[in-house]
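Subject: Structure handover

Hello,

Here is the structure I promised to pass on. Please open it first, then read my notes below with it on screen.

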Amino acid sequence: MLCPNISFVNFKLSGFHDLGEWRPFLFIPYFLMFLLSTSSNSILIYLTITQKALHSPMCIMIGLMAVVDLSLPIFFVPNMLLSFLLNWNEISLAGCLIQMFCLLYVGSFQSTLLVWMAVDRFFAICRPLYYHKYMQMPNFLKYIIVPVIRNIILIVAIVSLAGRLSFCGTNEMNHCFCEHMAVVQLACGDISVNNIVGLVTVFLIPTVDFILFSLSYFVILASVLQSGKSHLKAINTCITHIIVMAVTLTFALIAFLSYRIRNNLSSSARVFLSTMYLLFPSCFNPIIYGVRTKEIREQFLKFIKHVLPKCINNEA
């Protein structure tokens with residue numbers, strides 16, 4: 001029964017509830033992914049900060065990507081793991097909106113950073129004579145300001161509109177974290193404005209970023225192909241980056257559209273996709289953008305050679 005004069009201020013997160021007694025076993029894969037994301041991104045951040053050889057624009061952006069990839073799982077995975085093991089699944093409305101803002105705002109910079117990386121590669125490969133001119137910090141800030149303002153305005157609008165809704169039907173959310181549409185669908189009022197703003201945000205941030213990202217790399221690929229076989233490594237890198245971006249965007253769009261289009265996706269499949277578009281890049285970006293980058297790989301090997309002997313000596 002709906003009680004229009006009452007609005008819930010606490011929610012119960014019940015993602016994967018249809019798995020029944022198998023639900024606690026989800027702790028293992030999600031914990032391993034969280035451990036991989038935390039350790040790999042922490043090492044990447046440490047190397048970027050401490051090694052002067054990695055203070056180039058591209059390596060700094062990879063370090064910033066590691067900060068984003070480290071932060072995103074921290075915002076929701078620990079609570080999710082506790083829910084799997086101990087059934088701790090309650091969250092306040094304020095906590096839910098804060099979590100939503102952190103995930104959306106920090107997550108928006110995954111695609112934005114990829115665009116900045118593509119710009120860096122464009123000048124390095126296609127316009128090498130102009131690289132230092134355009135990639136100096138004062139000039140590079142011109143590419144940063146507009147996306148940052150765009151992300152702030154759109155994410156604040158989404159969270160503010162969600163915070164104004166009344167939740168008088170049920171407080172049980174079939175999800176593991178406060179995803180925007182999972183929260184909005186619990187509202188008992190008109191949510192058409194929330195839907196429109198959500199669609200606009202999806203188009204203006206990840207979709208536009210993916211288009212710009214792809215265009216930049218296609219121009220790079222065309223330039224490389226004209227220059228001969230000596231740039232096969234660059235071709236391989238570009239294709240790998242495009243594939244990772246496409247897979248992440250596919251996860252995000254399927255999870256997003258599953259709330260708006262009739263489909264046969266089970267609730268668990270929907271929650272799984274929602275967790276994957278946050279966890280998948282956090283786990284694999286350090287490999288794609290870190291280990292595969294020559295300068296970072298060299299510094300990582302030096303780090304391993306320096307740390308392992310110390311650990312062995314201390315144990316001895």
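**What I found**

The lining of the largest cavity has 23 nonpolar, 9 polar and 1 charged residues. Keep in mind that this is a predicted model.

**The cavity**

How many cavities of 30 Å³ or more are there? The count comes to 1. The space in the largest cavity is about 690 Å³. Its lining is made of 33 residues, and the closest to the centre are Leu-104, Gly-107, Pro-206, Ala-252 and Tyr-277.

Which helix gives the largest share of that lining? Helix 3 does, with 8 residues. Helix 3 covers 93-125. At least two lining residues each also come from helix 5 (137-163), helix 6 (180-184), helix 7 (192-227), helix 8 (232-257) and helix 9 (267-291).

A word on the idea behind this. Empty space left among the atoms shows up when a probe the size of a water molecule is rolled over them.

**Confidence**

The mean pLDDT of the protein chain is 84. A score of at least 70 is reached by 90% of the residues. Where is confidence lowest, and where is it highest? Helix 8 is lowest, with a mean of 72. Helix 1 (residues 27-50) is highest, at 93. Remember that helix 8 also supplies part of the cavity lining.

**Spans from the record**

The UniProt entry is unreviewed. Residues 97-119 are 100% helix and 0% strand. The end C-alpha atoms of that span are 33 Å apart. Residues 140-163 are also 100% helix and 0% strand. There, the end C-alpha atoms lie 35 Å apart.

**Residues to click on**

Start with Asn-41, in helix 1. Is Asn-41 buried or exposed? Its relative accessible area is 1%, under the 20% cut-off, so Asn-41 is buried. Beyond its neighbours within four places in sequence, Asn-41 is in contact with Ala-66, Asp-69, Leu-70, Ser-282 and Pro-286.

Next, go to the loop between helix 5 and strand 3 (172-173), where Ser-166 lies. Phe-167 is found in the loop between helix 5 and strand 3 too. Ser-166 has 36% relative accessibility and counts as partly exposed. Phe-167, at 0%, counts as buried.

What does Ser-166 touch, leaving aside its neighbours within four places in sequence? Its contacts are Ser-7, Ala-187, Cys-188 and Gly-189. Phe-167 and Asp-18 are 149 residues apart along the chain, and their C-alpha atoms are separated by 23 Å.

**Two backbone angles**

Most residues other than glycine have a negative phi. Here are two with a positive value. Phe-16 has a phi of about 65° and is not a glycine. Phe-16 sits in the loop between strand 1 (10-13) and helix 1. With 5% relative accessibility, Phe-16 counts as buried. Asn-87, also not a glycine, has a phi of about 60°. Find Asn-87 in the loop between helix 2 (57-86) and strand 2 (90-92).

Best wishes

Terms used: Residues are numbered from 1 along each chain as its sequence is written. This is a predicted model: local features need pLDDT of at least 70, side-chain atom pairs count only at pLDDT 80 or more; totals for chains, interfaces and linings use all residues. Side-chain values use heavy atoms; hydrogens and water are left out. On a 1 Å grid over the protein atoms alone, a cavity is a set of points where a 1.4 Å probe fits but cannot get out, and a pocket is an open set with protein on both sides within 12 Å along at least five of seven lines; lining residues have an atom within 4 Å of a point. Grid points are joined across faces, edges and corners, and a volume is the space filled by probe spheres set on the points. Helices (H or I, at least four residues) and strands (E, at least two) are DSSP runs, numbered from the N terminus. Ala, Val, Leu, Ile, Met, Phe, Trp, Tyr, Cys and Pro count as nonpolar, Asp, Glu, Lys and Arg as charged, and the others, Gly among them, as polar. Buried means under 20% relative accessible area, exposed over 50%, partly exposed in between (1.4 Å probe, protein chains only). Contact means heavy atoms within 4.5 Å. UniProt positions are given in the numbering used here, feature names are shortened, and annotations may be inferred rather than shown by experiment. pLDDT is the predictor's confidence in each residue, from 0 to 100.
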